[in-house]
Amino acid sequence: MPTLSYDTQAVLATDKVRFQGQEVACVIADDPYIAKDACEAIDVDYEPLPVIVNPKQAVADGAPVIRDDKENQPDNVIYTWEVGDAAGTDRAFEQADVISRLQLHYPRSHPSPIECCGSIADFNRATSKLTVYMTTQAPHIIRAAVALVAELPEHMIRIISPDIGGGFGNKVPVYPGYVCSILASILLERPVKWIEDKTGNLISTGFARDIYLDGEMALRSDGKILGVRMHCDADHGAFFSDAQPSKFKIGLLHSAFAAYDIPVAHLRARGTYTNKAPGGVAYRCSFRVTEAMFFQERMVQAAADDLGMDQAAFRRMNFVRDEDFPHRTPLGFLTDSGQYAKCLDVGLRAINYEEFRKQQEEARSRGRLLGLGISTMTEPLGAGNSREYDILGIKMFDSAELKVHMTGKAIVRTGARTQGQGHETTWAQIVAHELGIPAEDIVVEEGDTDTAPFGMGTYASRSTPVAGAAVAMVARKIRAKARKLAAHLLEVSEEDIEWELGRFYVRSAPDRGVTIQECAMAAYSNMPDGMEPGLENTAYYDPPNLTWPFAVYIATVEVDPASGVWDVLSVVAVDDCGVRINPMIVEGQIMGGLTEAYAMANMQFITFDAEGNCVGSNYMDYLLPTAWETPGFELHSEVVTPCPHHPIGAKGIGECAAVGGPAAFVNAVIDALSGTGVRNIDMPLLPDRVWEALTHHRDVSGAPPVRTDD
Ligand code: CDP
């Protein structure tokens, strides 16, 4: 089947199995127990083949070609891609006083929503209509994919994404299980259900990250960053199947360093096939932004250390200044707003920065290791605009439909699909804010392609920047029509009408007015001659730019030198996501993101042994932090820089803390180890890895070694 990245993927393996956990057969039965028994009865005669588990092996001389099913695929390289100014960057490095270098691995991780993926396909022979209930974050794209793959007419396909539990990016791609249930239903003409179990979810669907990053920074001795070079090797597993904007092969990795005023930069990227389940999913992330910001903030810390400069001062000196917006980043993005230094100041005050540095010195003299890590970043949220962002050629915009019934109650539908982010609340709030209809009189519906207008789905924190904007725009269309109705009811011209929330009135006689509800009734009972009846509309919103929220995450930790165990002392988060529609939801998003960041930094890994066996296929190995392990977070909302182009000034927030958080924790541990010569410990910073670094004064790189029980 075609993938969302112009590759092909086996639904079921035929001659060659390319990763552990790849689907080889499909069994249909009346109940799951019979199906399981039937699976047991399938005897597959596997012949062991050479195995490739990382990009280095993938590009080694003589490496076996994993995708020998593809024409014109002589090796394991999927793509090479570069952006920026290579020659200019070379010149910047020639002028540097100091060159700082860093290499790291962002390990494979898994979004691991508690609820796995699944689908129920129901093909009705009488109507020729296919209805599929499925766990998808992007129902309309799935409908198009099914139409193209199954060669069914698009209008005879209905995709329903009900409450699917968590998504986190795991539920964007098309998985073989979905395809099998659809084909089986068409063939058998009855509903067919597929549901993953937890291990299936953890070893075969939705992997993220797995990227080797190295780079260097050209620095002037006073601390000015002159240029950056970055290279990355991305391990995509056996199929390139995650969603990517067509133009950018490695997602938005080139958003790295967007917060800093750097004259020139160059990025080279290479994607490779390996014998692992497909990876590269944007786990709570805008197409590789997580990797970009992690590398950025680890690199910035290393550079400040190499210069012997204060971490906060180095950042402040190099930030894009408030007055310099709009700012073109050296890798091609246009950032448009922010108050970076102010956010940093709020964070430093909250963490009591100066005081902590003194305590750190004092503790060190008594053999205690305290550390402080800063992560500051702006990230691009809300793909796209359609000029630059498409998936398989389909432009990235969104839409919203609003129907105001005659009694003034309303229903709003969008092409997004909430997975717990609270669209039901926030979209109703937007309409309430635009029209003055109480939020409790507004119902929000999403996720059914037969009723919802088109949308590219909910991932990459694009709901508020794109679908949310469409909701505001459609409400404004409704208000424009209601104004005409008000003029008719008040028997004045439109120009003589004023608007206050929920009510139009005559400018010269403010007591003479009509409510939005009265206008709604008039749309069905008393409209002016020539006016189309009804009060409903649809808006398609193509954002002029991405939104650029800014965040400061600061963590303090204590490392136990005897065991390598590190405890979080405090975490401060300052998020500027523009106008907050619902502050409580925003705080929930930040806390959830920080929890995932802490898990990635501290405890989570899924790795592979030399034979390609996945280690970490259950929650005994792949740890999810509970409330018990999760530290407390202090959140700050005092800096608000409205987005200049979003209709209500909002910027995305959903993924910020998961993107920016990991570097704060890792930087804090590395800071605690300062003076030992340790520059890097790759995530997760398990106690034995921290202990090894501390004891042997050396970096600890790569995925954690595989546990063997024998
Ligand atoms: O696409 P997704 O919903 O995951 O991300 P988002 O739109 O960036 O933010 C997550 C949720 O936070 C939204 O669905 C809104 O409910 C809320 N939000 C808000 O209230 N104000 C903002 N400025 C941004 C998001």
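In what follows, Ala, Val, Leu, Ile, Met, Phe, Trp, Tyr, Cys and Pro count as nonpolar, Asp, Glu, Lys and Arg as charged, and the others, Gly among them, as polar. This is a predicted model, in which local features need pLDDT of at least 70 and side-chain atom pairs count only at pLDDT 80 or more, while totals for chains, interfaces and linings use all residues. Residues are numbered from 1 along each chain as its sequence is written, and side-chain values use heavy atoms, with hydrogens and water left out.

**First stop: the ligand and its shell**

The ligand is surrounded by 21 residues, the closest being Thr-426, Ser-463, Thr-464, Val-579 and Ile-653. By class, this shell has eleven polar, seven nonpolar and three charged residues.

Next, colour the helices (DSSP runs of H or I, at least four residues, numbered from the N terminus). At least two shell residues come from each of α11 (423-435), α12 (463-490) and α14 (583-602). The largest share, three residues, is that of α14. Colouring by domain, with bounds from an automatic or database assignment, shows that domain 2 (208-324 + 338-383 + 545-696) and domain 3 (398-541) each give the shell at least three residues.

Now display pairs of N or O atoms within 3.5 Å, here called polar contacts. An oxygen atom of the ligand lies 2.7 Å from a polar backbone atom of Ile-653. At His-423, a polar side-chain atom is 3.2 Å from an oxygen atom of the ligand. At Cys-577, a backbone N or O atom is 3.5 Å from a nitrogen atom of the ligand.

**Third stop: backbone geometry**

Most residues other than glycine have a negative phi, and most peptide bonds are trans. Select Phe-287, in the loop between β9 (264-272) and α7 (289-307); although not a glycine, Phe-287 has a positive phi of about 45 degrees.

Move to Pro-326, in the loop between α8 (311-318) and β10 (327-328). Phe-325 and Pro-326 are joined by a cis peptide bond, with omega about -5 degrees. Finally, select Pro-684, in the loop between α15 (656-672) and α16 (687-696). A cis peptide bond, with omega about -5 degrees, joins Met-683 to Pro-684.

How values were computed. Near = heavy atom within 4 Å. Polar contact = N/O pair within 3.5 Å; in protein donor to acceptor, adjacent residues only side chain to side chain.
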